[in-house]
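This report covers charged side chains and how they pair. Please look over the sequence and the model first.

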Amino acid sequence: MPSTRRLAAEIVRMVPPRDRALLLRFGLDLNNPTDAKLFVEGVRAAEDAIAAQQRWERAALSPSDRTRSRP
């Protein structure tokens, strides 16, 4: 299963104005390159964690596990 990593600019562009305003209230300005980089790293880390969880769940629920003989 190929992994497609979104571009940083795409991630930042997808943040709606209302969410940008909220982030700015917390001191994270997505117009600042350093803040935007931190935000993108966090989004990517979350996406990687979700993908890892999904892989784990698929493996845990695979048919081979359900048909194993029991001792």
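Aspartate 48 counts as partly exposed, with a relative accessibility of 41% (buried means under 20% relative accessible area, exposed over 50%, partly exposed in between, with a 1.4 Å probe and protein chains only). This is a predicted model, in which local features need pLDDT of at least 70, side-chain atom pairs count only at pLDDT 80 or more, and totals for chains, interfaces and linings use all residues. Residues are numbered from 1 along each chain as its sequence is written, and side-chain values use heavy atoms, leaving out hydrogens and water.

The structure holds two salt bridges (a side-chain nitrogen of Lys or Arg within 4 Å of a carboxyl oxygen of Asp or Glu). Aspartate 48 forms a salt bridge with arginine 5, and their closest N and O atoms are 2.9 Å apart. This pair links distant parts of the chain, 43 residues apart: arginine 5 lies in the segment before α1 (8-13) and aspartate 48 in helix α3 (helices are DSSP runs of H or I, at least four residues, numbered from the N terminus).

## Arginine 6 and glutamate 47

Arginine 6 forms a salt bridge with glutamate 47, with 2.5 Å between the closest N and O atoms. Here too distant parts of the chain are linked, 41 residues apart: arginine 6 is in the segment before α1 and glutamate 47 in helix α3. Arginine 6 is partly exposed at 25% relative accessibility, and glutamate 47 is partly exposed at 32%.

## Aspartate 35

Aspartate 35 is found in helix α3, which spans residues 33-60. Aspartate 35 is buried yet has no salt bridge, and the nearest side chain of opposite charge, arginine 20, is 10 Å away (Lys and Arg count as positive, Asp and Glu as negative; His and the chain ends are not counted).

Methods: Helix = DSSP H or I, 4+ residues; strand = E, 2+ residues; numbered from the N terminus.
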